[in-house]
Amino acid sequence: MTSPITLEDSDQDVTPSLFPAAILSTDAEALQAAHALAEAAQAEVIQRDRERRLPWALVERFTASGLGSIAVPRAFGGPQLSYVTIAEVFRIISAVDPALGQIPQNQFGLLGVLQAAASQEQQQRLFASVLAGWRIGNGGPERGSKHTLDIQARLVQRDGRWLFSGEKFYSTGALFAHWIASKALDEQGRPWLAFIQRGRAGLRVVNDWSGFGQRTTASGTVLLNDVEVDENNLIPLWPLADKPSIQGAFSQLIQAAIDLGIADGALRDAIAFVRDKARPWIDAKVERAGDDPYVIADVGRLQIELHAAEALLHKAARVLDAVAAAPIDADADAAAHASIAVAEAKALTTEISLSASEKLLELAGSRATLAEFGLDRHWRNARTHTLHDPVRWKYHAVGAWHLNQRHPARHSWI
């Protein structure tokens with residue numbers, strides 16, 4: 001059994017540099033910025049994965065371009081672009097580097113939490129910080145707990161100060177962030193979301209992520225030892241249990257978009273490798289691997305499955321746009337409809353990301369396993385990212401909705 005990580009007195013958390021950020025105004029501008037970032041990310045993507053080299057410059061470019069604030073509501077000065085565009089932005093980036101796509105994933109999910117649970121004053125101030133270039137990272141679930149909603153971290157009030165203590169893991173985005181958002185229970189057992197500024201005494205972010213996929217997300221440990229939290233940065237979460245929202249559906253939409261991006265990148269690399277580098281099998285009696293009838297059929301099947309997943313993702317995003325256009329505080333059916341639409345998409349994006357990245361190696365042949373090509377990263381990334389939440393429960397939720405009109409659970413994983 002490994003010893004817990006401890007926070008030494010000499011350890012001092014360092015706040016990332018803050019640079020000005022653009023504010024985008026149209027869907028077209030966001031898609032153009034995403035394509036430009038993806039093109040820049042293509043360089044050295046294999047080396048970054050192999051060496052676990054964190055993409056600091058690309059993260060800074062993501063923020064500076066204005067992509068980090070495209071979900072900020074118009075009422076608070078943001079562009080509030082469509083969910084269709086937000087999903088496409090994550091797909092575009094993740095088709096090249098899904099680790100880069102995952103780093104801001106939690107920021108967008110947390111923006112959804114702010115819309116659902118924060119006061120107007122908190123929304124005004126925290127949304128403004130994102131528009132100014134602040135990044136939000138996640139002080140994630142805890143290792144050794146019973147499940148992802150089992151919270152051991154504690155928030156106590158002492159001498160008029162709110163103090164947060166706990167050890168978090170799966171903290172994607174935290175190392176790159178200016179805000180760390182993390183959950184803890186107060187002395188009455190109620191859950192709070194604390195927005196904690198980087199550089200606070202007692203806070204430490206550790207880049208100890210050792211997963212075989214999504215290697216450069218820095219999804220490691222956040223240590224908090226009596227870290228002071230400003231009272232106006234505490235958001236009560238327990239009211240969400242009785243309040244319909246699309247916060248969970250929005251979070252899952254981005255997860256699905258990342259998985260679709262992985263599938264897209266894997267299939268593109270498979271086609272390119274078969275065309276240019278793979279050798280045909282002797283029994284096919286063809287000059288090119290691309291003329292093997294079984295290879296052709298497999299590529300066709302994967303392409304159809306990719307397009308089906310893409311169609312469901314876009315449909316789900318349109319549902320979210322429609323549901324978000326009207327107040328949903330008391331419309332449980334609308335919120336459930338959004339969650340089910342995203343669950344259907346997530347089921348297919350999970351399946352195609354795994355099958356495309358696995359089939360890539362089979363179709364390309366043994367040469368495709370050479371380290372110089374880095375093609376194994378697609379499967380490693382797909383297998384790692386799709387473990388965020390079990391797809392078997394997506395099928396269950398969809399079946400329960402259509403068969404028994406049963407609403408899905410209210411949390412961030414449906």
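Buried here means a relative accessible area under 20%, exposed means over 50%, and partly exposed is anything in between (1.4 Å probe, protein chains only). With that in hand, here are my notes on the model.

1. **Ground rules.** This is a predicted model, in which local features need pLDDT of at least 70 and side-chain atom pairs count only at pLDDT 80 or more, while totals for chains, interfaces and linings use all residues. Residues are numbered from 1 along each chain as its sequence is written, and side-chain values use heavy atoms, with hydrogens and water left out. Helices (H or I, at least four residues) and strands (E, at least two) are DSSP runs, numbered from the N terminus.

2. **Thr384.** Thr384 has a relative accessible area of 15%, so it is buried. A polar atom of its side chain lies 2.8 Å from the backbone oxygen of Arg380. That is a polar contact (a pair of N or O atoms within 3.5 Å; within protein, one must be able to donate a hydrogen and the other to accept it, and residues adjacent in sequence count only if both atoms are side-chain atoms). Leaving out residues up to four places away in sequence, Thr384 touches Trp209, Phe212, Gly213 and Gln214, where contact means heavy atoms within 4.5 Å.

3. **α8 against α11.** The same helix α11 also packs on α8, at an angle of about 165 degrees and with the axes 10 Å apart. Axes are lines fitted to C-alpha atoms, for helices over the stretch in contact, and angles run from 0 to 180 degrees between N-to-C directions. The two helices are therefore roughly antiparallel; the cut-offs are under 35 degrees for roughly parallel, over 145 for roughly antiparallel and 65 to 115 for roughly perpendicular, with the rest oblique. On the α8 side the meeting residues are Gln255, Ile258, Asp259, Ile262, Gly265, Ala266 and Asp269, and on the α11 side Arg377, His378, Asn381, Ala382 and His385. By class, this contact has 4 nonpolar, 5 polar and 3 charged residues. Ala, Val, Leu, Ile, Met, Phe, Trp, Tyr, Cys and Pro count as nonpolar, Asp, Glu, Lys and Arg as charged, and the others, Gly among them, as polar.

4. **α8 against α10.** Helix α8 (residues 247–276) has another partner in helix α10 (residues 332–364), and their axes come within 8 Å and cross at roughly 20 degrees. That makes α8 roughly parallel to α10. The contact of α8 with α10 has 17 nonpolar, 7 polar and 3 charged residues.

5. **Helix α3 and Ile86.** In α3 (residues 56–64), the buried residues are Leu58, Val59, Glu60, Phe62 and Thr63. They pack against α1 (27–42), α2 (45–51), α4 (83–94), α5 (98–102) and α6 (105–117). Ile86 belongs to α4 and is buried, with a relative accessible area of 1%. Its C-alpha atom is 8.3 Å from that of Ala30, 56 residues away along the chain. Beyond its neighbours within four places in sequence, Ile86 contacts Ile70, Ala71, Leu81, Phe108, Phe250 and Ile254.

6. **Two buried loop residues.** Glu142 lies in the loop between β1 (136–139) and β2 (154–158) and counts as buried at 9% relative accessibility. Its side chain reaches two backbone nitrogens, that of Gln152 at 2.8 Å and that of Ala153 at 3.1 Å. Thr216, in the loop between β6 (203–206) and β7 (221–229), counts as buried at 3% relative accessibility. Thr216 and Asp49 are 167 residues apart in sequence, yet 6.5 Å apart in space, C-alpha to C-alpha.

7. **Positive phi values.** Most residues other than glycine have a negative phi, and two spots deserve a look on that account. Glu44, in the loop between α1 and α2, has a phi near 65 degrees and is partly exposed at 44% relative accessibility. Gln405, in the segment after α12 (392–404), has a phi of about 55 degrees and is exposed at 58% relative accessibility.
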